[in-house]
Amino acid sequence: MKLYYSPGACSLADHIALIEANLPFEAVKVDLKAKATVSGEDYTAINPKAYVPALGLDEGGVLTENIAILSYIAAKAGKLMPGGDLGRFRGLEALAYISTELHKGFKPFFSPGSSDAEKEQAKETLGKRFSLFEGQLADQQFVLGDSFTVADCYLFVMLFWSKTKADVPVPPRLTAYYERLNARDSIRKALADEEIG
Ligand SMILES: N[C@@H](CCC(=O)N[C@@H](CS)C(=O)NCC(=O)O)C(=O)O
């Protein structure tokens, strides 16, 4: 498999998941401004959406969208999703929440034309959305229970952005959770591979 990524972007979640899954893959850096890979390939020919992540599959074809890629990695690995009859759906529920309610909420911090008022509003909304997870972490180690899942990979990136790019206030249990994840081997390796550790 080939993971197309940009350092510190949301593709970091997929990078962490691939390391956790222990699946063979090549990480291919993309220059999002030039829309080209480091070796000069036209990235829009690989992924017409022109954003990261994209996953080149061994069987051919390219999969896009974090929710789909993270679910695919978990299915391939036979882990990284909660167990039980509803496990996969709880995993998808969390990934959808992270993607649509958190990830998209960071837009003002990545859009050059955003005003300070828009950023302040985004911080307030993100703070409220994070509070859901603050409650869940009261009596469990990870966001969906006591096993690490792809939802933790994605939530880690949201917290990483909160701490390093957007200065979003993060409540105490989530801060402790972020620090635990930040010390995890797969996350150390993904950050080092992307040269942002
Ligand atoms: N809907 C996509 C969004 C991916 C996305 O927002 N990618 C950002 C990095 S975090 C990107 O590549 N932005 C560059 C661009 O849009 O030109 C997903 O969930 O995978």
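# How do we know? Helices and residues

Tutor: Let's start with a pair of helices in this predicted model: helix 4 passes helix 6 in a left-handed crossing.

Student: Which residues make that contact?

Tutor: Helix 4 brings Tyr97, Ile98, Glu101 and Leu102, while helix 6 brings Leu126, Arg129, Phe130, Leu132 and Phe133. By class, the contact of helix 4 with helix 6 has seven nonpolar, no polar and two charged residues. Glu and Arg count as charged, so Glu101 and Arg129 are the two charged residues here.

Student: Why is helix 4 called roughly antiparallel to helix 6?

Tutor: Look at the angle first: the two helices pack at about 165 degrees, with their axes 11 Å apart. Angles over 145 degrees count as roughly antiparallel, and therefore helix 4 is roughly antiparallel to helix 6.

Student: What makes helix 4 and helix 7 roughly parallel to each other?

Tutor: The axes of helix 4 (residues 87–102) and helix 7 (residues 150–166) cross at roughly 20 degrees and come within 9 Å. An angle under 35 degrees counts as roughly parallel, and that is why helix 4 and helix 7 are given this name. Helix 4 passes helix 7 in a left-handed crossing as well.

Student: Which residues of helix 4 and helix 7 make the contact?

Tutor: From helix 4 come Ala94, Leu95, Ile98, Ser99 and Leu102; from helix 7 come Val150, Ala151, Tyr154, Leu155 and Met158. Sorted by class, the contact of helix 4 with helix 7 has nine nonpolar, one polar and no charged residues.

Student: Which residues have the most contacts inside the largest nonpolar core?

Tutor: They are Phe130, Leu155, Phe156 and Met158, in a core of 56 residues. Among the elements that give two or more residues to this core are strand 1 (2–5), helix 1 (11–21), helix 4 and helix 6 (116–136). The largest share, twelve residues, comes from helix 7. In soluble globular proteins, nonpolar side chains tend to be buried together.

Student: How do you know whether histidine 103 is buried or exposed?

Tutor: Buried means under 20% relative accessible area. Histidine 103 has 14%, so it counts as buried. Histidine 103 lies in the loop between helix 4 and helix 5 (107–110). Leaving aside residues up to four places away in sequence, histidine 103 touches Cys10, Asn66, Ile98, Tyr154, Met158 and Trp161.

Student: Why is alanine 45 called exposed?

Tutor: Exposed means over 50%. Alanine 45, in helix 2 (residues 43–46), has 62% relative accessibility, so it counts as exposed.

Student: What makes asparagine 22 a residue to look at?

Tutor: Its phi is near 60 degrees, a positive value in a residue other than glycine. Asparagine 22 sits in the loop between helix 1 and strand 2 (26–31). Its relative accessible area is 67%, so asparagine 22 is exposed.

Student: And is alanine 50 buried or exposed?

Tutor: At 12% relative accessibility, alanine 50 is under the 20% limit, so it counts as buried. Alanine 50 is in the loop between helix 2 and strand 4, and its phi is near 65 degrees, also positive in a residue other than glycine.

Student: What kind of peptide bond joins valine 52 and proline 53?

Tutor: A cis peptide bond, with omega about 5 degrees. Proline 53 is in the loop between helix 2 and strand 4 (54–56).

Definitions and conventions
Residues are numbered from 1 along each chain as its sequence is written. This is a predicted model: local features need pLDDT of at least 70, side-chain atom pairs count only at pLDDT 80 or more; totals for chains, interfaces and linings use all residues. Side-chain values use heavy atoms; hydrogens and water are left out. Axes are lines fitted to C-alpha atoms, for helices over the stretch in contact, and angles run from 0 to 180 degrees between N-to-C directions. Helices (H or I, at least four residues) and strands (E, at least two) are DSSP runs, numbered from the N terminus. Angles under 35 degrees count as roughly parallel, over 145 as roughly antiparallel, 65 to 115 as roughly perpendicular and the rest as oblique. A crossing is left-handed if the near helix is turned anticlockwise from the far one by less than a right angle, and right-handed if clockwise. Contact means heavy atoms within 4.5 Å. A nonpolar core is a set of buried Ala, Val, Leu, Ile, Met, Phe, Trp, Tyr and Cys residues joined through side-chain atoms within 4.5 Å. Buried means under 20% relative accessible area, exposed over 50%, partly exposed in between (1.4 Å probe, protein chains only).
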